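Notes follow in the order I took them.

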Amino acid sequence: PAQVFCGNTNPGGNPDLKWLGPDSTNYYTSYDLKSESGWGELMDLIYTLNYDFENLGNILNIDRVLWNFAVNTAILNLDTYNGYYVHNYYLYKSEDGLFQMIPWDFDNAFVGAILGFDYWSPEDVYNYDSYGSQYDPNSRPLFQKLMSDPLRKKQFDAHLRTIFSETMLDTSSIRNEISDLHEQALLPANQDFNKAFPMTYFYSNVEEPFWSGWGFAGIMSTIAERNNYLMSLPAITSTPPSLSNVDLNNGIVTVIAGNTNEVELMVTTSPHNSKFVPFLMYDDGTNGDLVAGDGIYSAFLPYYSSGDAVKYYIRAQNNNAMRLSPERAEYEFYIYDPNAAISEEELSSYNVYPNPSKGIIHITSPSSTALTCMLYSLSGQRILEKHSSSNSTIINISELKAGMYILKINNQITKIIKE
């Protein structure tokens, strides 16, 4: 597949995804091809972005791009496409035929060394506009065209709200992660005879910026200032739709939805978990809906009888906001898999708590083993899937109906109860 590095490593290069004409040599200084071929595919992507935007989703995984942009702006990762500089990303065309935008180089997340002389007056950095008002027209066509599209902007806002509420506000968990990294890095940092700064900054820079002839932003101080900015955005303050009690019964998906003027069932059978297609859900007594106007929206699950695993999530909108269920869609989604088989091997080596739970369940392993977690209904319907490269993760069951479920972790199982 085509693999392109967009790192702005060549003099005069600028990987901004502007159309430079049909001659591939025009792109050589801005993009570094890592595969044996792919210039034509890259140019198809750039042309579609600039002149056929309505079909961009046929060549680019837009949802992954929006998650990427939302993370960048939340954590002030400014050395990137929607930061100060238009670079530091890979474009990788995966087997589903879609380009993925893969972030690269997070050393200046939480501002970092980009603070520079703004150390003395950092307000503009901390309040960096998430929607690009500071950019010249068409200087970053991918970001600017997505933000000009009402649906994609709502989708971006939904992802930003999820990042803000689940991560940016949880400063105690962030500090715990930093403490773990400190413990791992302490010895090699002490033994590094070429380190640029004294070890005092190794600790103090977690909480506050420092000046050493150049400004370096602190992690927690940046998060505090950025949270103040994010809390002022309509993406955070606007009331989104409410979604709860997602259920699948005899091929009909139902969800309780409020404060919404449109509810859609997003569906795919792709083994690559992409190319989700919208299907309207109804609360009018038709299309599988039992009672009109009761706030329960329904739709027949496409491909239910196909024998394939069907992945789906719910997308609801009102005039100002969007909500997804699961909120981390399309990284997370519900699954109906008629071929799912649950092992009878009992769970013994993992810690799952609290159980029963009303919402968040923590899963930890005493070893360094990565975790693959799958949640099933008692009828065998796969409801959630979560992968973690570390030995701990969480799953959110707050939107599920009360009752018993099967949790499968690395081929071991346990029963959990939703209160």
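Is Tyr-27 buried or exposed? I get 0% relative accessibility for Tyr-27, so it counts as buried. (My cut-offs: buried is under 20% relative accessible area, exposed over 50%, partly exposed in between, with a 1.4 Å probe and protein chains only.)

Housekeeping before I go on. This is a predicted model, so I ask for pLDDT of at least 70 for local features and 80 or more for side-chain atom pairs, while totals for chains, interfaces and linings use all residues. Residues are numbered from 1 along each chain as its sequence is written, and side-chain values use heavy atoms, with hydrogens and water left out.

**Rings**

I searched the whole structure for aromatic pairs and got 32. The rule takes rings of Phe, Tyr and Trp (its six-membered ring) with centres within 6.5 Å; planes under 30 degrees apart are stacked, over 60 edge-to-face, and the rest tilted.

Trp-19 and Tyr-27 make a tilted pair, 6.1 Å centre to centre with 50° between the planes. Trp-19 is partly exposed at 24% relative accessible area.

Next I checked Tyr-28 with Trp-39: the centres are 4.8 Å apart and the planes at 45°, so this pair is tilted. Tyr-28 is in the loop between strand E1 (3-6) and strand E2 (32-33), and Trp-39 is in helix H1 (residues 39-51), so the pair ties together parts 11 residues apart in sequence. (Helices, H or I with at least four residues, and strands, E with at least two, are DSSP runs numbered from the N terminus.) Tyr-28 is partly exposed at 38%, while Trp-39 counts as buried at 18%.

I also found one aromatic cluster whose members include Phe-69, Tyr-81, Tyr-135 and Phe-156. Tyr-135 has a charge on its face too: Arg-140 lies over it, 3.9 Å from the ring centre. The charged end of Arg-64 sits over the ring of Tyr-331, 3.9 Å from its centre. (The test wants NZ of Lys or CZ of Arg within 6 Å of the ring centre and within 35 degrees of the ring normal.)

I used a 1 Å grid over the protein atoms alone: a cavity is a set of points where a 1.4 Å probe fits but cannot get out, a pocket is an open set with protein on both sides within 12 Å along at least five of seven lines, and lining residues have an atom within 4 Å of a point. Points join across faces, edges and corners, and volume is the space filled by probe spheres set on them.

The second largest pocket holds about 510 Å³. It has 24 lining residues, with Gly-57, Asn-58, Ile-62, Arg-152 and Phe-276 nearest its centre. H5 gives the largest share of that lining, 3 residues. By class I get 11 nonpolar, 6 polar and 7 charged. (Ala, Val, Leu, Ile, Met, Phe, Trp, Tyr, Cys and Pro are nonpolar, Asp, Glu, Lys and Arg charged, and the others, Gly among them, polar.)

How many cavities of 30 Å³ or more are there? I count 3. The largest cavity has about 40 Å³, and its lining is 7 nonpolar residues, with no polar and no charged ones. Leu-17, Leu-60 and Leu-91 are among them, and H1 supplies the largest share, 3 residues.

**Strands**

Leu-91 came up again as the bridge partner of Val-4 in E3. E1 and strand E3 (residues 89-93) pair antiparallel over 4 bridges; pairing needs at least two DSSP bridges. E1 also pairs antiparallel with E2, over 2 bridges, and there Phe-5 stands opposite Asp-32.
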